[in-house]
Amino acid sequence: MTELEAIPPRGRQAPNPVRTCLPALGVGVFLRKNPYSPGAGLRPAALVGRDSELQNWSLALQRLEKARSAKSVVLHGLRGEGRTALLGEFHRMAEDRDWITVIIEPNTVCPLRDTMARALYPAVRELVRPRGGDKLTKALATFKAFSVKVDIAGAWSFGHEVAAEPGHGDSGQFEADLSELIRDLSGAAQEQNRGLAILIDEAQDLTRDELKTLCAICHRSGHGRWPLLVALAGLPSLPRALSKANSLAAHLFSYWEVGQLQPEAARQALTRPAAGEGVAWDEDAVRYVMTETRGHPYLLHAYGQATWDAAEGTTLTYDDARVGVVSGQAHVDAGFYRPQWERATRAQRAYLQAMALDGCGQSHSGDIAARLGKTVMTTGSFRDSLIRKCLIYSPEQGAVALAIPGMADFIARQSRP
């Protein structure tokens, strides 16, 4: 008997009349209409529980358009909680208001200067107008100088000749050069009644100097009333990293935690996508999935998808949910947790197993070392490597926590026979 077959039915239900229609309609058609889409950064069918963040972002865009002040934003939370999806929504909202908008993700191979230049190039081209003003001409010249080491062949063009202006954006000092570029680009955007939005995902991977540079730019932007809005998204350690980079960071950004959904929002995350396809959830099915997912957005979508696939009609029942949770967990284990687990070395996995004994809470480095029979100094390299891999983070000095919700439960399942 399989695990799915072993699930006890809640009670024999009357035959669903829709079931007799499914062969004619085609089960494949029903499955293709599945509205749930678990995946990294994918836009959910219903973006719920984030109304405050969306409203405040919209307000910031509107204030800057009217030359009023607005703070840039830091989204922080565990992986799979919807940071990237929310950042993508910010991107769409800015674009809908005709802002010059770029979204980037840093990496350890390419310096932020190069990444920024490549991301900004198509955005800068959007600013080009047949009869551009002086601010546009200046911005194009500064960008040309800033990106000269990236566009070595000089292949990037703007439809007309642009000469780099010596002394602007080419000093070799990243903070000074990027500040000049952002100032000139936001000025050119303002000349066209537009703004500039720069969104950076996985910002915990930025170096301390890069975070310091972004803080300095936001500071100058506020004083100069540039139409600039920056959004950084990263792990819960990001606010602490910003504070270390610049003592004014707490005053430069609005900090919004992206975490588990509240019960009503979790309910909507399940029911609204289905309702859009003419499918309803039984109340006990909704409650069961909400309990099993604990409000984590990724799990809600994964278990919702699996429950839909298990259903035989236009009502998702408690029995469907029981099957969906087992099936969904298997898919999440294989597609979400296991790839992360396999990125760790054997020694790093032992470190993670020692952490998992504390569940989803913080672990003290000394306790982990003791469990492994080693010293804190010996286990320090494992800790640092896992932080670089974004499998864990450091919420405070001497403590670490798992960066993926539910990872402790997955690790516990690996040790079961």
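Reader: What space lies in the largest cavity?

Author: This is a predicted model, in which local features need pLDDT of at least 70 and side-chain atom pairs count only at pLDDT 80 or more, while totals for chains, interfaces and linings use all residues. Residues are numbered from 1 along each chain as its sequence is written, and side-chain values use heavy atoms, leaving out hydrogens and water. A cavity is a set of points, on a 1 Å grid over the protein atoms alone, where a 1.4 Å probe fits but cannot get out; a pocket is an open set with protein on both sides within 12 Å along at least five of seven lines. With points joined across faces, edges and corners, and volume taken as the space filled by probe spheres set on them, the largest cavity holds about 40 Å³.

Reader: Which elements give two or more residues to the lining of the largest cavity?

Author: Lining residues have an atom within 4 Å of a point, and here they are Met-116, Leu-178, Ile-182, Ile-198, Leu-214, Ile-217 and Val-230. Helices (H or I, at least four residues) and strands (E, at least two) are DSSP runs numbered from the N terminus. The elements giving two or more residues are helix 7 (174–191) and helix 8.

Reader: How many residues of strand 4 are buried?

Author: Buried means under 20% relative accessible area, exposed over 50%, and partly exposed in between, with a 1.4 Å probe and protein chains only. On one side of strand 4, Leu-228, Val-230, Leu-232 and Gly-234 are buried, and on the other Leu-229, Ala-231 and Ala-233 are buried. Strand 4 (residues 228–234) is therefore largely enclosed by the rest of the structure, the count of buried residues being seven of the seven.

Reader: How many bridges join strand 3 to strand 4?

Author: Two strands pair if DSSP finds at least two bridges between them. In this pairing, Ala-197 has Leu-229 of strand 4 as its bridge partner. Strand 3 (residues 196–200) and strand 4 run parallel, and the bridges that join them number five.

Reader: Which residue of strand 4 does Val-74 stand opposite?

Author: Strand 1 (residues 72–76) also runs parallel to strand 4, joined by four bridges. There, Val-74 faces Leu-232.

Reader: Is Cys-390 buried or exposed?

Author: A disulfide is a pair of cysteine sulfur atoms within 2.5 Å, and by this rule the count is zero. Cys-360 has a relative accessible area of 76% and is exposed. For Cys-390 the value is 8%, so the class is buried.

Reader: What space lies in the largest pocket?

Author: The lining of the largest pocket has 35 residues, with Gly-39, Ala-40, Gly-41, Gly-80 and Thr-84 nearest its centre. Helix 4 (83–96), helix 13 (297–310) and helix 14 (318–341) each give two or more residues to that lining. The space in the largest pocket is about 700 Å³.
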